[in-house]
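Keep the viewer open as you read.

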Amino acid sequence: MEKNELIEKINEVLAEEFEIEVADITPEANIKETLQLDSLSLVDMVALIESEFGVKIKSSELINIQTFAALYDFVNDNQK
Amino acid sequence: MQNRVVITGMGIYSCLGKTLEEVRDSLYHGKSGIIFDPVRKEMGFRSALTAHLEDPDLKKVLSRAQRVYMPQQAQYAYCATVEALRNAGIDQDYLNTHDVGLLYGNDSSTVPNVKAVDAMREKKDTTLVGSGAIFQSMNSTVTMNLGCIFKLKGINLTVSGACASGSHAIGLGALLIQNGLQEMVVCGGAQEVNPWSIGSFDGISAFSVREDEPTKASRPFDRDRDGLVPGGGAATVIIESYESAIRRGAPILAEILGYGFSSNGDHISSPNVEGPTKSLMMAIRRAGINVNEIGYINAHATSTHVGDTNEAKAIYNVIGDQRIEVTSTKSQTGHEMWMAGASEVIYSMLMMKNDFIAANLNFENPDEDSAKLLIPDKRIEKHFDTFLSNSFGFGGTNSTLVIRNL
């Protein structure tokens, strides 16, 4: 999947699952704040990324993924 | 001096309707909620009969963060509880400022467990099971969800007493109020409705196989009954001390006079006669009434051979030749299991408040024991002020409630 297409798809599935508008997502925005994630729903985001894109985010890697841009990069770099 | 316990609100989500009015009309007109579900046949079920009800759509009323922890039966219970609280005149401000308890019957949560195990097997990574599974899969899922959504601050626990769960929940709530430990308790019972949760029950040949006539399959007390039909949903009653109800100016619907219970100490699935008899007698004794004051008996009778026979014997042991109408509303709903004890209190309340007794559907020929009871096969118009409701469950748990009109 091309990166632009990937970004669009990530935004779409996150907006759908966490019930926000796609327009609320910007690359530099903080993921937790934008999606209103707590420690529990953060687990759901990890599960969602795995089921939709086949990319597992380990706890140790999650610490470095604070913004959507970081998430796009991580998924893009780890796509099979 | 014990506090009097009254019912001030009711709410229900059942195959007979999603409001009290719909359910009242279904009871009055003898509507059956039973269907044939072809999916179950494809899954290898011996009987594909089931009660039918849609899943609620709560997307617009609860946030994702609230819904993600709720399995099907918690969603049913939420709907029933919203209606019950509204009818009792209780708003969120009241719940925020009083220690309201919550005792709800529930004894399974199968689908979340199946999904979680499937995910673990497939993914080999527990994180990928998701955050909802642990909260959805526990037996106490209904009370943990309702307690958080409604911000309840009194006792909070689930009563798991098999098919008597809902009845025990109401009885135990009444005991807490009688003894001054709670002023108000939200009580009820919930039952999931899906093939996964009852496949193993189907597997022990407990269900009716009268698949060509779904609405005739549940036939409690009838000579030709061949098993139960599974059902479900949720039912909530708001119970509180009489003083609390008066203070609030609440609509007082009825008084819980007596709660009786017993355990058979016998077979895991076959009921006996002694245990239920003891439960009935205890409820009547604690109610402080004479048997002839009972105007209607809502039987547990699920349409199984031994269950209905032994309950008929137990009821006869207690009431003798007194002509008290006995029916099983399971002839319309199927067996609502963990929910049944609570829903059947509401069905009986609706009949008591509207001066009728719903027909025991499909009661065409009595057997030796049911012939000794007065079982109307058609609706009758009758005013009554006191009813008795039985609920019995696997393992030989028995619960009986005696309730009086106010």
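This is a predicted model: local features need pLDDT of at least 70, side-chain atom pairs count only at pLDDT 80 or more; totals for chains, interfaces and linings use all residues.

Residues are numbered from 1 along each chain as its sequence is written, and chains are lettered from A and ligands numbered from 1 in the order in which they are written.

Let's begin with chain A, which has five helices and zero strands (DSSP runs numbered from the N terminus: H or I of at least four residues for helices, E of at least two for strands). Its radius of gyration, taken over C-alpha atoms, is 11 Å, close to the 12 Å that the globule rule gives for 80 residues, so chain A is as compact as a globular protein of that length. That rule is 2.2 Å times the number of residues to the power 0.38. In chain A, 22% of the 80 residues count as buried, meaning that 20 or more other C-beta atoms, placed from the backbone, lie within 10 Å of the residue's own.

Chain B holds 16 helices and 14 strands. The C-alpha atoms of chain B fill a box of roughly 65 × 55 × 40 Å along the principal axes, and 58% of the chain's residues are buried.

Now look inside. In soluble globular proteins, nonpolar side chains tend to be buried together. A nonpolar core here is a set of buried Ala, Val, Leu, Ile, Met, Phe, Trp, Tyr and Cys residues joined through C-beta atoms within 7 Å. The largest has 113 residues, and those touching the most other members include Ala77(B), Tyr104(B) and Val237(B). Helix H16 of chain B, residues 340-353, gives the most to this core, with nine residues. Another core, of 15 residues, lies apart from it and has Leu35(A) and Phe68(A) among its members.

Finally, find the open sheet of chain B, where 10 strands run in the order S5-S4-S6-S7-S1-S8-S14-S13-S9-S10 with mixed pairing; strands pair if DSSP finds at least two bridges between them. The edge strands are S5 (156-159) and S10 (325-327) of chain B, each pairing on one side only. Strand S4 (residues 101-105) of chain B pairs with S5(B) in the parallel sense over four bridges, and Gly105(B) stands opposite Val159(B) in S5(B).

Terms used: A residue is buried if 20 or more other C-beta atoms lie within 10 Å of its own, exposed if 12 or fewer, and partly exposed in between; C-beta atoms are placed from the backbone.
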